[in-house]
Amino acid sequence: MRSYVPSFELRSPATLAEALDLFAREPGRWRPFAGGTDLMVLLEAGRLEHRDYVSLWHLPELRFIEIDETSLAIGATTTYTDVLRHEAIGREFPMLGLAAAETGGVATQNRGTLAGNIANGSPAADTPPALLAYDAELEIVSARGVRRVPYEGFHTGYKQMDLAPDELIRAIRLRRPPHPGRQLYRKVGTRRAQAISKVCFAGRLTLVDGTVEDARIALGSVAPTVVRARLAEAVLRGRRLDSGTVADARRALAGAIAPIDDARSTASYRSRVAGNLLEEFLTGAT
Amino acid sequence: MKKEGGRVIHIACRVNAVEAEIDGHPMERLLDALRIRLRLTGTKEGCGEGECGACAVLMDGRLVNSCLVPLAHAAGASITTIEGVAADDRLHAVQEAFIAQGGAQCGICTPGMILAAIDLLERTPDPSPDDVRRALAGNLCRCTGFGRIVDAVLQACRRTSEAPPR
Amino acid sequence: MGAVGESVPRREGRSKVTGQARYVDDVALPGMLYGATIRSPAARGLIRRIEYDPSIPWDEFTMVSAADIPGVNRVALIRDDQPYLAEHQVNHPEEPILLIAHPDRYLLEEARRQVRIHLDPLPAIFTIDEALAAREAIWGTDNVFARYTVAKGDVDAAWGEAHLIVDGEYETGAQEQLYIEPNGMLAVATPTDGVTIWGSMQCPYYVHQALKALFGLPDERVRVVHMETGGGFGGKEEYPSVIAGHAALLAWKSGRPVKVIYDRAEDMAATTKRHPSRTRHRTALTRDGRLLAMDIEFVIDGGAYCTLSPVVLSRGTIHAPGPYSCPNVRVRASAVATNAPPHGAFRGFGAPQSLFALERHMDRVAEAAGLSPAEFRRRNFIRPGETSAVGQVIRDPVDMTALLERAFELSGYHQKRAEFSRPQPGPIRKGIGFAAFMHGAGFTGSGEDHLASVVRVEATADGRLCVLSSNTEIGQGTNTILAQIAADAAGVPMDIIEIVPPDTAHVPNSGPTVASRTCMVVGSLVESAARSLRSTLLTSGALAEPYSGADFRRACSTYIEQSGPLSASARYRAPEGLQWDDERYQGDAYGTYAWAVYVAEVSVDTTTCEVRVDDFVAVQEIGKAINPVLATGQIEGGVAQAIGWALSERVVWREGRMANAQMTNYIMPTSMDLPPIRVHFVEQPYARGPAGAKGIGELPMDGPAPAILNAVAHATGVDVRAVPLVPEELMAGMTKEE
């Protein structure tokens, strides 16, 4: 334990309104703390620079999964376990369920939260590629009100996001009915379980009479943020999935990613695997 | 700065079916509160980063790594540690199976592993070997290679299905 | 009905499954302080200045530097070159410089980070090549800790007669032992009372010896007590002397008990790892595929201080030519210094490194000769009566070909080798490969003579039989198998046997718990001593055959009442005819070997180059399985650890420091990364082993890496040469082939 624990504060307000009030009254002083599976690791490593946290874990307003005709809304502090056990998510948004099941082991899944995974801002997070591929929307709340933003564009740079110091993610919304079609979620980690991803792929495409009507290609761990490979998607739209299309899409993908060498993997491995996963997805070889 | 100060909270929770009151810092690890304040040293620290599972306990019926749980989150919770698994002198089926199958070698991962196994069997009474491996993937064992552990869990679920309810 | 050969449940099993087993961090003493170590931030340099941040109340702390050391500031081991605390110069990142202690763990940690060490950097070296080039001498005059040469026949003359010559170079990386319980020690020490240490360790008498020198104390004023130890694998063989010394120094200076527990990051970055290695093979074959000459150059990287490098080198050297018959063999081996934290003991101890190179090379030699890997081995396996490279006549009735066939039968090798050699559609390429090897049990050569191990067996007044040895339970089953052996030797049920906890105040020095010697060497002494005590009772008339356990107990009580204490000792004596020449590195290197063939079946996903081990078969001849479940557990665990070494456990080095010192980034296998490991024992009793048993603890580390890489080569056609074979490396190899 490499931190001076007594110097850290964790307040536990009883309601979301109380929590938002704290953020509003002392902007910049407070940061949110959900399940703690990222923040506590930093605390123990002596790398948690901020001191004062507001716990969201027990707030009933943030843990829910609600379905209506046009959307599925997942509350911010819904855990990975809740997500991967949810029948409708498994049926309609299977990549999200898979992503949740790939994140850590059972104990991590029981405490890690969806909004925490997003707001931690790591490009290696496991659920963001699936959320991007599903055109997710974020509902962001503060004492000043509520706003909704497309998840795409939320991450503005490495660990930078469109979230003011007094704001919290309240929910993640997915549009219903879901698009039919081929989907592939694949995380390439450092091992088969309990692994940080080296490359994470989430792809969705709709074929009509053998022609691509629409496509989403999202990747994690290959850029400073999770990315959508819009150029590759554009290449695919309106074309048949022949070898020429696949090769063109692969080339376009290379332009969308900027992988690095780090303690876990190399830029060249990540580049190659990203392209291979795209090919695997497009050729339906899974 | 550091020498004094730091808010101390007072929380009440249930540990191994007994009411417990703990005074500690809000960001203090539940692991330390259990081991040092309550002197329940059966839960172990292997890594301090939530990777090895040696610190696993059951909190409100779910397996968690206690090195990643701040004390403030334990308020009102019902916690089971390894010390709470056996009923007085009678070992749990999982514990007996670990002994019979050689599931414990050095023993340091064993408390967390047993809780993870109990958590699995409560959710999936008849797991396949793959189910067992998946459920225990968050509990690292350096000694056994997992063969004896998987066999122990499978033995325990056979016993549990044959035995009368506890 | 005897206990030996039965899968008797582990003695301390109940305490381990209930959480009652007590490891060092579970203990707190009144008035105890926590201790921490201030370490070098860089690889090599002169200590210019130490800066203490004024925000910390330093007057509350106990501070220890080299100046506080009462005895000698050197860790007593082989060369005594490693200081407990650096004084003027540091030679590796994380080198200990200062010790601090305080009752508040949190403040202690804060203080540790508020000490700044200012160094004047010196040139540092980090690779084997840099060490050998010796442009900078960082240890001695030439950076070489030790050298050995093995010479049989005349290698140089053989090249001219060779039908075929095959070269190869192979590398292995460092590996972290990664016991799940980090290093820890608890010390009570004062100038008046001496030093007492409790902690996590494999060898209480190594620590005892080291502390005597550190404090300048005689035997009886140092006491070392082994506590339940959460894994060792060699990582707690010699390193504990360092952390014990540190805890004791803080206790000595403060007058309070001191507990030092490493957190995971510190343990990974600062303590010993497996020696990285590089092996070069040049092999000559005759026309009919027989080995004519083997020329082997074997180098290991020992890090900044000597520790056990000469002994690791020794074992690696002797195992380098493997289980083959070859008339001309030369092994030139050296252990070199670099500015990394010193490397040290890790299961296998040099043999996994040299056997990896050998068995990968043998597959390549077979291919060059147009022979299958199996046929090549059959033509060259050593046979009983033949002589090894160091001149040892093989007396074991070993039949390697039979082991090979058994392993093939269990794994379906022939059919799979043929099937996977055909073109495989889809992204998954399967392969199957094997390794043939042996592992010598006990200390090399005259090592056991020097240890002169002693075991004692004592009867208590109420008729229990106590076994006193310094060999420790670290998970491998010491407590249980020694009790089984003692019970059978005395002819009594196990429940009257008590294994006395290894405490140097109470037990004799039966040597360290290393080198796969606890069962074979120490177990044999336990067997002797127990038999001897039984003899005494029978001879005295207090006991007559046949007898029950109750009879035995009564006889002990009677004997003790009438004649006084009842005990028996056994001291190690080398087997008749065993000869070893340390100068010429020739003779009987080990009393016996365990022999093995391991088969690995793999799938390579060419999309990602991830390698999965789908099936693993481990066949070994081990003399006698004292406890089949425990023995199986040793093999399964060793194979798992070796699978990690082969495929994922990469240490990332930056300027001599381990950059991935977290369990998140140092990748050991989880339950999902391992196949069921199928273990098969063949038993040919070894006359000098207890009930015929040989040592097996390290054997399973030697085979998996070459078997797996041979399988990957089969699957992909890539000539892989190094471990860990991470996907990035395999992908580089596969794309080069395209």
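How many Å separate the centres of domain 1 of chain B and domain 2 of chain B, taken over C-alpha atoms? The centres of these two domains lie 21 Å from each other.

## Basis of the report

This is a predicted model, in which local features need pLDDT of at least 70, side-chain atom pairs count only at pLDDT 80 or more, and totals for chains, interfaces and linings use all residues. Residues are numbered from 1 along each chain as its sequence is written, while chains are lettered from A and ligands numbered from 1 in the order in which they are written.

## The domains of chain B

Chain B is divided into domain 1 (9-84) and domain 2 (93-162), with bounds that come from an automatic or database domain assignment. The contact between them takes 14 residues from domain 1 of chain B and 11 residues from domain 2 of chain B; two residues are in contact if their C-beta atoms, placed from the backbone, lie within 7 Å.

On the side of domain 1 of chain B that touches domain 2 of chain B, strand 3 (residues 56-59) of chain B gives the most, with 3 residues. That side divides into 8 nonpolar, 4 polar and 2 charged residues. Here Ala, Val, Leu, Ile, Met, Phe, Trp, Tyr, Cys and Pro count as nonpolar, Asp, Glu, Lys and Arg as charged, and the others, Gly among them, as polar.

## Overall form of chain B

Chain B has 5 helices and 5 strands, in the sequence pattern β-β-α-β-β-β-α-α-α-α. Helices (H or I, at least four residues) and strands (E, at least two) are DSSP runs, numbered from the N terminus.

A compact globule of 166 residues would have a radius of gyration near 15 Å, and the 16 Å of chain B agrees with this. The radius is taken over C-alpha atoms, and the globule rule is 2.2 Å times the number of residues to the power 0.38. The C-alpha atoms fill a box of roughly 55 × 35 × 25 Å along the principal axes. Of the 166 residues in chain B, 63% are buried; a residue is buried if 20 or more other C-beta atoms lie within 10 Å of its own, exposed if 12 or fewer, and partly exposed in between, with C-beta atoms placed from the backbone.

## Where chain A meets chain B

The contact takes 26 residues from chain A and 30 residues from chain B. Strand 1 (9-11), helix 2 (39-45) and helix 6 (106-109) of chain A each supply at least two residues of the side of chain A that touches chain B. The largest share of that side, 4 residues, comes from helix 2 of chain A. By type, the side of chain A comprises 13 nonpolar, 10 polar and 3 charged residues.

## A sheet in chain C

In chain C, 7 strands form an open sheet with mixed pairing, in the order 3-5-1-12-9-10-11. Two strands pair if DSSP finds at least two bridges between them. Strand 3 (62-64) and strand 11 (222-226) of chain C stand at the edges with a single partner strand each, so one side of each has no neighbour in the sheet.

Strand 3 of chain C runs antiparallel to strand 5 (residues 96-102) of chain C and is joined to it by 3 bridges. V64(C) has L99(C), in strand 5 of chain C, as its bridge partner.

## The residue E698(C)

E698(C) lies in the loop between strand 27 (677-682) and helix 18 (699-702) of chain C. E698(C) counts as buried because it has 26 C-beta neighbours inside 10 Å. Not counting residues up to four places away in sequence, E698(C) touches R347(C), G348(C), F349(C), H439(C) and S516(C).
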